[in-house]
Amino acid sequence: MADKTGPPISRRRVLQSAAVAAGGFGLKALGLPSVAEAAPASAQTAAAAPAASGASMIGVRFEPRDVVRVGLIGHGGRGASLLHDLLGIPGVAVNAVCDLVKDRVESAQAKVEKAGQKRPAGYSAGERDFENLVKRDDLDVVYIPTPWKWHVPMAVAAMEAGKHVFVEVPAATTVEDCWRLVDTSERTRRHCVMLENCCYGENELMVLGMVRAGLFGELTHAEGAYLHDLREILFDNMEGLWRRDEHRTRNGNIYPTHGLGPVANYLDVKRGGRFEALVSMSSLERGLSQRRDRLPAGDPRRKDTFVCGDMNTSILRTTNGRTVLLQHDVVTPRPYSRINHVQGTKGAFRDYPAGIFLDGQKGEEWGSLKPYRQQFEHPLWRRLRKVASKSGHGGMDYVMSWRLMQCVREGLAPDMDVYDAATWSAPGPLSEQSVGAGGGAVAFPDFTRGRWKEPRVFAPAEIEAISVRPVGR
C-alpha cells in the first residue's frame, strides 16, 4: 500500500537523481556503450541532486540518554532475532511491539516480560496500526524488520513522529524512496540507520582495520555479493509469501547491501569518494521456474512467472577510479558467500574461506588470517565475543545492535547514516535500469549533495586506536 505522508516527489525529480548520464563518465573506456546509446531518451537527464529540505545529517549526534526506549514493528523471524539481542543489551527498554499477527505480538510481549521488563504495549489492529505505535511519547527508536515494501512508509512515519529509525535491508527499493528517506531524515532531524549487520562481522571489521593500517597499499578494486540458495525459503517459508514476488517483477540486483556495505567502507565511499556510475547485466532465469515446476499439480504457485535473472552482475565505479564487482544469486545450488574481497597495490583479502595474500608472499595460495588476528581484532569483538556468540549470523547481529545502542545512549553520531542507507540500497533499482537498457551505464545519485568530499571514516569503537605493527608471515 502506498504511503501518503511526506511531500510529493515528481517524476522529474526521480529522473534527475537516478538518471542515466549522457556521456559524462567516459564509460566507453570500460568497453560499454554510452548512456545516450543505451538508454531511453526520457532518462537522459543530468544526475543533479534535488534541493535539500534540511541540513545534512552527517555527523549529527543522538541525544544522550540513560535508557533507550525502543518500539519494534515486525516480530517474524528477523524481528524475533533482533528482539532477542535487544533484550540482552543493558540500558534498553522495549516499550511497544507491532505485528499483523496478534499471536506474534503476544509472543514478543511475553519475551520482554521474561527478560524482567514491563509488558510492552501491543499493536495488531491491521496493517496501518504501526502508525499508532510511532506516535507514542515513550519511544526514542523504532526498529523496522518487515517486508521490503513497508520499510519506507514505516520509516517515514516514525521520523515524522519524532523517532529515530533503524530499518532492515534494503532500506528502499526505488531511487525515489531513497531520496524520500534522505529528505525526511534531514527535515525531521531524525536518524535513519539501515541495519546492515555485515558491516559488524568479525572479518569485516578486522579487514577494515587492516585497510586503514595500509596493509593492502592503495586500494583499486573490491567485490561483494549475496550468493545464498534461498529456493526453499522462497517457496516454503513465510518469508516467501512476499519475497518471491520481488522475483516476479524485478530484474537486477534486488538485495545488494550485505556485500556492498562492508566493501564501501573499505573504499571510504561517502567519506572522501562516492559511486559515480553503475552497469549491470542479468543471466537468464531458470532456478525459480524449475523449482516451481516441481510443485504438486493444482498448487496455485505453479502459476507464478519470474523475470529476475538467476545471476546478476553489476560493476560500480567511484570518483577516484576504484571499481566494485557486485553479484546476486539466491536461486541456484551453491555454497553461501558474500565474497568480501578487497584488492590493493600491496595485497588482497578474500573471504569464504578467508584468505590473505601480500606482496612478496611465496607461492600462489591464499594465506591464513590467523597471524593477524591478535593485532587487528576489532575492539568490539574483543569486548563482546562471549555474549555475541549466542546471537544470530555468527554474532554480528548482537555486535551491531550493541553498538547502535551505545551510540544512542552516549550521544554519538551513528556509524551508518541515512546516506549510507540510500547509497547501499540504490544499486537495486539502478541495476534494474541498467539491465533494462541492455547493460547501459547509469549515473549514481549523490545522496550527500557534495558532502562525500569531506574525509571521514567508518569507525565504530576505537578502530583508529589499532596500532600499525609488522606482522610476520
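A residue is called buried here when its relative accessible area is under 20%, exposed when over 50%, and partly exposed in between, using a 1.4 Å probe and protein chains only. By that rule Ala 96, at 0% relative accessibility, counts as buried. Before going further, some ground rules: this is a predicted model, where local features need pLDDT of at least 70 and side-chain atom pairs count only at pLDDT 80 or more, while totals for chains, interfaces and linings use all residues. Residues are numbered from 1 along each chain as its sequence is written, and side-chain values use heavy atoms, with hydrogens and water left out.

Let's start with the whole protein. It has 17 helices and 14 strands, where helices (H or I, at least four residues) and strands (E, at least two) are DSSP runs numbered from the N terminus. Of the 473 residues, 58% are buried. Now take contacts, meaning heavy atoms within 4.5 Å. Among those with a separation of 6 or more, 77% link residues 24 or more positions apart.

Back to Ala 96, which sits in strand S2 (residues 92-98). Leaving out residues up to four places away in sequence, Ala 96 touches Val 70, Gly 71, Leu 72, Pro 120, Ala 121, Tyr 123, Leu 133, Arg 136 and Leu 139. Take Val 70 from that list: it is 26 residues away along the chain, yet the two C-alpha atoms are separated by 7.0 Å.

Next, have a look at helix H15 (residues 396-410). Just past the helix, Gly 411 takes a positive phi of about 70 degrees.

For the record, axes are lines fitted to C-alpha atoms, for helices over the stretch in contact, and angles run from 0 to 180 degrees between N-to-C directions. Angles under 35 degrees count as roughly parallel, over 145 as roughly antiparallel, 65 to 115 as roughly perpendicular, and the rest as oblique. On the H14 side, Leu 380, Trp 381, Arg 383, Leu 384, Val 387 and Ala 388 meet Met 396, Tyr 398, Val 399, Trp 402 and Arg 403 of H15. By class, the residues of this contact are nine nonpolar, no polar and two charged. Here Ala, Val, Leu, Ile, Met, Phe, Trp, Tyr, Cys and Pro count as nonpolar, Asp, Glu, Lys and Arg as charged, and the others, Gly among them, as polar.

Further along come H16 (residues 418-425) and H17, which pack at an angle of about 30 degrees with their axes 5 Å apart. H16 and H17 are therefore roughly parallel to each other. Their contact brings Thr 423, Trp 424 and Ser 425 of H16 up against Pro 427, Gly 428 and Pro 429 of H17. It has three nonpolar, three polar and no charged residues. Within H17 (residues 427-436) you'll find Ser 434, which counts as buried at 0% relative accessibility. Setting aside residues up to four places away in sequence, Ser 434 touches Leu 278, Val 279, Ser 280, Gly 439, Gly 440 and Val 442.

Finally, check the backbone in the loops. The peptide bond from Val 169 to Pro 170 is cis, with omega near -15 degrees, and Pro 170 sits in the loop between strand S5 (164-167) and helix H7 (175-188). The bond from Tyr 352 to Pro 353 is cis too, with omega near -5 degrees; Pro 353 belongs to the loop between strands S12 (347-350) and S13 (355-358).

Two non-glycine residues with positive phi are worth a click as well. Asp 268 has a phi of about 55 degrees and lies in the loop between helix H11 (257-266) and strand S8 (275-282). At 22% relative accessibility, Asp 268 counts as partly exposed. Asn 340, with phi near 50 degrees, is in the loop between strands S10 (323-329) and S11 (341-344). At 3% relative accessibility, Asn 340 counts as buried.
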